[in-house]
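Biologist: I'd like to learn how to read a few features of a structure with you. Could we take them one at a time, the general idea and then the case here?

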Amino acid sequence: MIINRYKKLILVGVALIVIIVAGYLAYLNYSRLGKIAVSVYAVPTDMRIEIAEGQVIEPGTTYLEPGAYRVKATREGFESYQGNLIVAEDNNPTLDLALLPESEEAKRFVQENQQLYLENEARGGELARQQGQVFEERNPITKLLPFHDPYYSIGYLSSDNTTIKITISTPSPLYRYYATEKIRELGYDPTDFEIIYKDFKNPLE
Amino acid sequence: MNKKKIILVTLAVLAVVSGLVLYNLYINSRQTVTLNYDRELFTLSLYDSDEVDHVITKKGSSIKMVAPGEVFTLSKGTYVIEPSGENIKADPIILPVGDTPVNQTIEIPYSDTLLKSSLATERDQIMATLTRTLPANLSLYIIEPGKLYKRGEWYATTLTYKNKVSESRDTLRLVMKKEADRWSLATKPPQISLSSVIYKDIPKDILSDINKLGKAPQSVPAASKPKPRYFIENP
């Protein structure tokens, strides 16, 4: 009877709730357009994580535009952390922070929360494995390097964890030639790489 | 009577709708194609394609002689274009026809014979540019004859070191480009291996080809061979 009496009100109320929820979800989607989900783990969880001038993020999932960010994490009693975060579509960005204790109180916190620090270590290992996998997928030749021959060696350098430069070390011109041909033998075209011949001094430079 | 009329009208409507659907399917299964090319150098024949062991080849006889700039439609799929002309490299070209209109300029490189004969006329200018642009140490090298590529606007060669015992006797490579009737070095300085990562504006097939050419440096007498190196750390 009461329901019948207030049928209209209930319907309007439900409709309003649906509209508000739908509107909120639409706003969330719109605000995340062009942004990438970044997983943020923090130990201790109440540290202050600053990624840009005045922009603070919380542990959990945060949405950031692709690019490079300078990260600063601080909490009283703990050592501050500064580092870089690269946010790109294909690199599964994760920010995993575990501050080291300085004060006695902080040290007690670490003792009491060892499990959190162990989980952080495990994630670090998994992340390194994943990032290593992405790096190897982008640069499959790295699975075959470094290559060592008694007369030359072929290695690689990477300054951005994404692209590589091949290095060839030998003082002999003939073995520089053989090393370059070795890259072909391994199934790759030397043309596809920047090759640094470490011991070669170019007379025409 | 009414019932008959209703059935007739229904059938007519169904026929019209089916017709429209079939027409729409037909239109969507085809795509417009425009191929632009220099008719004075070659003509283009279009073929259906066949795939054998992941290699696409032409199938049957030519379905069309394509005029430059002509707009025509083809069913979506893969085709083969075969150029023919006297002074060109008549390698077939794969033409995929998909969801977007095809508007392509076809540029066919000159034949090896024509490029070889063109090189004879270009060589003096090329040599003059090299001696003017590179350091005096160029005299340490023999400039090999080299090759012209594409339509004769690219040149690449190897430099063979004259001194047979120097530690820098690696064969070097360079590429030049002709623009507005003038040759200039596209790769500076000449290097052991030319990289497509560094020289993004040079066609990769030219870099790959010149990187394969050139002789291995001569080996030296046993006394001056490098001793074996055994590495225990990462380079």
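Modeller: In general, side chains of opposite charge can pair when their charged atoms come close. The rule asks for a side-chain nitrogen of Lys or Arg within 4 Å of a carboxyl oxygen of Asp or Glu. Before we go on, this is a predicted model, in which local features need pLDDT of at least 70 and side-chain atom pairs pLDDT 80 or more, while totals for chains, interfaces and linings use all residues. Residues are numbered from 1 along each chain as its sequence is written, chains are lettered from A and ligands numbered from 1 in the order in which they are written, and side-chain values use heavy atoms, with hydrogens and water left out.

Biologist: Where do Lys107(A) and Glu104(A) lie?

Modeller: Both are in helix H3 (residues 104-112) of chain A, three residues apart, about one turn of the helix. Helices (H or I, at least four residues) and strands (E, at least two) are DSSP runs, numbered from the N terminus. Over all chains, the search finds 18 salt bridges.

Biologist: How many salt bridges are there between chain A and chain B?

Modeller: The count is two. Lys204(B) forms a salt bridge with Asp192(A), with the closest N and O atoms 2.5 Å apart. H5(A), residues 173-185, gives the most to the side of chain A that touches chain B, with six residues.

Biologist: How many residues does the contact take from each chain?

Modeller: With contact meaning heavy atoms within 4.5 Å, chain A gives 35 residues and chain B gives 40 residues. The two chains bury about 3,000 Å² between them, 61% of it on carbon and sulfur atoms. Buried area is the accessible area (1.4 Å probe) that two parts lose on being put together, summed over both. Pro173(A), Thr191(A) and Leu204(A) supply 23% of the area that chain A buries against chain B, more than any other three residues.

Biologist: And how should I read empty space?

Modeller: Rolling a probe the size of a water molecule over the atoms shows where empty space is left. On a 1 Å grid over the protein atoms alone, a cavity is a set of points where a 1.4 Å probe fits but cannot get out, and a pocket is an open set with protein on both sides within 12 Å along at least five of seven lines; lining residues have an atom within 4 Å of a point. Here the whole structure has one cavity of 30 Å³ or more. The largest cavity has a volume of about 120 Å³, volume being the space filled by probe spheres set on the grid points, which are joined across faces, edges and corners. Among its 13 lining residues, Tyr177(A), Thr180(A), Thr171(B), Arg173(B) and Ile192(B) are the closest to the centre. H5(A) gives the most to this lining too, with six residues.

Biologist: What is the volume of the second largest pocket?

Modeller: About 330 Å³. H2(B) provides the largest share of its lining, four residues.

Biologist: What about the backbone?

Modeller: Most residues other than glycine have a negative phi, and most peptide bonds are trans. The bond from Val43(A) to Pro44(A) is cis, with omega near -5°, and Pro44(A) lies in the loop between strands E1 (36-43) and E2 (48-52) of chain A. Another cis bond joins Lys188(B) and Pro189(B), with omega about -5°. Lys150(B) has a positive phi, near 60°.
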